[in-house]
Amino acid sequence: MSISAIFNSLEKSWERDNILLNIKKGLGTDEIVNQFLKKNERQIKELNSLLKPEDIELLNQVEKLSTCESKLINEIKNLNYLENNENHRIMNKKKIVSSNRVYFDKISLFMINWSNKFVVIALLTISAIALSKQAWA
């Protein structure tokens, strides 16, 4: 059997949809790989005997490519997590600021109303005192 025929056979055996189903069922990655190796043991041994040093180097490059893709997926996932976390933090900060703003708005509104009333009452009291002093004089 040729290398390409073995690769095609192994590729058909390694269906991504089935792998994802196994992951969703709770199987670990080691279990999935070990099952694949047991199921395809004869073909893998034959492939191993046919591989040349340059083929091994190609497999190393494919492994590095898979590692890069895995890291990229992880980074995207982390960015999404960090972005969601940052958005959550900003929203919480806005809630605190807006609740403080409401608090200060209420205080300033109270002070404006209270101070206006206080000034009016103070002026009326001063006027009443002044008028009463004039009346007694």
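Guide: Start with Glu41 and Lys45, whose side chains meet in a salt bridge at 3.3 Å, N to O. Keep in mind that this is a predicted model.

Visitor: Why is the contact of Glu41 and Lys45 called a salt bridge?

Guide: The cut-off is a Lys or Arg side-chain nitrogen within 4 Å of an Asp or Glu carboxyl oxygen. Glu41 and Lys45 have N and O at 3.3 Å, so the pair qualifies. Side chains of opposite charge can pair when their charged atoms come close.

Visitor: Where do Glu41 and Lys45 lie?

Guide: Both sit in helix α4, residues 41-50. They are 4 residues apart, about one turn of the helix.

Visitor: What makes Lys45 exposed, but Glu41 partly exposed?

Guide: Exposed means over 50% relative accessible area, and buried means under 20%. Lys45 has 56%, so it is exposed. Glu41 has 42%, so it falls in between.

Visitor: How do you know that Glu46 and Arg42 form a salt bridge?

Guide: Their closest N and O atoms are 3.7 Å apart. The limit is 4 Å, so this pair counts too. Glu46 and Arg42 also lie in helix α4, 4 residues apart. The structure holds 2 salt bridges.

Visitor: Is Arg42 buried or exposed?

Guide: Arg42 has 59% relative accessibility, and the cut-off is over 50%, so it counts as exposed. Glu46, at 23%, is partly exposed.

Visitor: Which element gives the most to the lining of the largest pocket?

Guide: That is α5, with 11 residues. The pocket has a volume of about 1400 Å³. Its lining has 18 nonpolar, 5 polar and 4 charged residues.

Technical notes: Residues numbered from 1 in each chain as written. Predicted model: local features only at pLDDT ≥ 70, side-chain atom pairs only at ≥ 80, totals over all residues. Heavy atoms only, no water. Helix = DSSP H or I, 4+ residues; strand = E, 2+ residues; numbered from the N terminus. Buried < 20%, exposed > 50% of the residue type's maximum accessible area, 1.4 Å probe, protein only. 1 Å grid on protein atoms, 1.4 Å probe; cavity = no way out; pocket = protein on both sides within 12 Å on 5 of 7 lines; lining within 4 Å. Points joined across faces, edges and corners; volume = space filled by probe spheres on them. Nonpolar A, V, L, I, M, F, W, Y, C, P; charged D, E, K, R; others polar.
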